[in-house]
Amino acid sequence: MSQAWWRGAAIYQVYLRSFADGNGDGAGDLTGLRGRLPYLKDLGVDAIWLNPWYPSPMADGGYDVADYRGIEPVFGTLGEAEKFIAEAHGLGIKVIIDVVPNHSSTASAWFQEALADPGARERFWFRDEPNDWQSIFGGPAWTQVADGQWYLHLFAPEQPDFNWDSAEVRADFEDVLRFWFERGVDGFRVDSAALLVKDETRWEDLDPVHDVYRRWREIADEYGDRILIGELWLPDQERFARYLRPDELHTAFNFDFLSCPWEPAELRRVIDLTLATHTPIGAPPTWVLANHDVTRPVTRYGRADTSFAHGGALHGSPSDPVLGVRRARAAALLAMALPGCVYVYQGEELGLPEVEDLPDAARQDPMYARSGGANRGRDGCRVPLPWSGAEPPYGFGGAPTWLPQPEGWAALTAEAQSADPGSMLTLYRRALSLRRELLGDGTMTWLDLGPGVLAFTRDSGLTSVTNLGAEPVRLPPGDPVLTSGPLTDGHLPADTTAWLYDRQT
Ligand code: GLC
């Protein structure tokens, strides 16, 4: 496979604050991450995507950026970030960082200037009167300042939206991209990518946003082999595909797949739709089961309703942990067998459940407060990782951790799982290693093994079979090189995936 690295990459998402704490203050940091790079190397990932690491008051976990050219002191220093990039590269791991162009932080120098001087408000959305837009986090999307004007924030009030009609805003972000490309980053994940350009009546997916990405693509291409990944929650596939034209973003997250229930016809529909959207424009699809904004898969798949939707309505609904783990294992092998890129959100490889019983006082997500508690927010998938030991902080670093870890995670630590051939971690390691050899980018061909079964072959001769029906199914010919659970008399039980390799092919 001599194609560009990003066409078939396995990308591991690091939520820095919860990954590993190197200085004992209870929050993850760059020292912690650098110390765990060998773990990521052993896991077998091609790239790391880091959530925002910039100086931030953390009103929205760092998506309120005060300075796009620095590092949040809780996480480390710019010098350390450069060391981290070099060390990751030394291990053959690419580094992708988040860029947040839709909004800034009220603590940013530009916003402070705008507050102090009504003549310096051009870079944001200030109006004399607000309209009826609602914030995505709940409540009105406008906040009034002391002199009576209102500013727009599609998210929290601490996240004022930029005005992308401002030439200064455009030029500054181009400079930010260069700043980090020059420091070696291999790409950007573009936050809220469809929201940047607005007019008085609409705030999503306006045509002129594409000019921004055409320009960004030129810059990325100047540096060679660097990529732009869009966060686009757009239901319209035609509109979605426009962002992935050859002179715009390289790839985008597949939120249809992430939100899809564990149901064979629906999954098949989403996979077909994904391929139909991406193939004609030559962009690789991505397969995503989890991230820092959504319910952990083992919890979601153990519920009666296995879909994901924003709004948190399913929070706390009963979940069968055994079923959830079984399906999450099967789903991981399914996702990794599909053509294109795959994402792994930290802790997914440990099979961590959503922590649904966090004390209310510990919750930090603005979604929780802004919905008056109706939406429990996203903290439950952001709890610090358990690395070793029998009790909190499970080798994470200092205690107390910034979000409390539950009792009962001793068996889920990376250390405990490393030595266990049946663990989720072992499954992910084996799958990522086989994937590197036999899967990644390319094409797939469906096999018909009945309505409850998703089966397909890949160019390399690997066949993936997932049984979503109730009855065991007979496997097609080939060596079962990896299964998400034990086979029964050569049959594939319910909620299980097998990878078969036919050396003849
Ligand atoms: C994206 C991020 C999310 C953040 C929001 C506002 O959706 O993934 O975590 O809250 O943008 O920046």
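Modeller: The protein chain has 14 helices and 18 strands (DSSP runs numbered from the N terminus: helices are H or I with at least four residues, strands are E with at least two). Its radius of gyration is 22 Å, close to the 23 Å that the globule rule gives for 505 residues, so the chain is as compact as a globular protein of that length. (That radius is taken over C-alpha atoms, and the rule is 2.2 Å times the number of residues to the power 0.38.) Along the principal axes, the C-alpha atoms fill a box of roughly 75 × 50 × 45 Å. Keep in mind that this is a predicted model: local features need pLDDT of at least 70, side-chain atom pairs count only at pLDDT 80 or more, and totals for chains, interfaces and linings use all residues. Residue numbers start from 1 along each chain as its sequence is written.

Now the sheet you asked for. Five strands make an open sheet, in the order β12-β13-β14-β18-β16, with antiparallel pairing. (Strands pair if DSSP finds at least two bridges between them.) At the edges stand β12 (444-447) and β16 (479-483), and each of them pairs on one side only. On average, neighbouring strands here are turned by 25° against each other, direction ignored. (Axes are lines fitted to C-alpha atoms, for helices over the stretch in contact; angles run from 0 to 180 degrees between N-to-C directions.)

β12 is joined by 4 bridges to β13 (residues 453-458), and the two run antiparallel. Follow the partners: M444 is bridged to R458 in β13, and W446 is bridged to F456 in β13. In a regular strand, side chains alternate between the two faces of the sheet. The hairpin of β12 and β13 has 5 residues between the strands.

Helix α14 (residues 424-438) lies across β14 (462-467), β16 and β18 (496-501) (contact: C-beta atoms, placed from the backbone, within 7 Å). The helix runs at about 130° to β16.

How does the domain assignment divide the chain? It gives domain 1 (109-152) and domain 2 (441-501), with bounds from an automatic or database assignment. Over C-alpha atoms, the centres of domain 1 and domain 2 are 54 Å apart.

Eight strands form an open sheet with parallel pairing, in the order β9-β8-β7-β3-β2-β1-β11-β10. β9 (251-252) and β10 (286-288) are at its edges with a single partner strand each, so one side of each has no neighbour in the sheet. β10 pairs with β11 (residues 341-345) in the parallel sense, over 3 bridges. There, V288 stands opposite Y343 in β11.

Finish with a loop, the one between α12 (366-370) and α13 (414-418), where P393 sits. Most residues other than glycine have a negative phi, and most peptide bonds are trans. The bond from P392 to P393 is cis, with omega near 5°. P400 is found in the loop between α12 and α13 too, and the bond from A399 to P400 is cis, with omega near -5°. Y394 also lies in this loop. Y394 is not a glycine, yet its phi is positive, about 50°.

Technical notes
Two residues are in contact if their C-beta atoms, placed from the backbone, lie within 7 Å.
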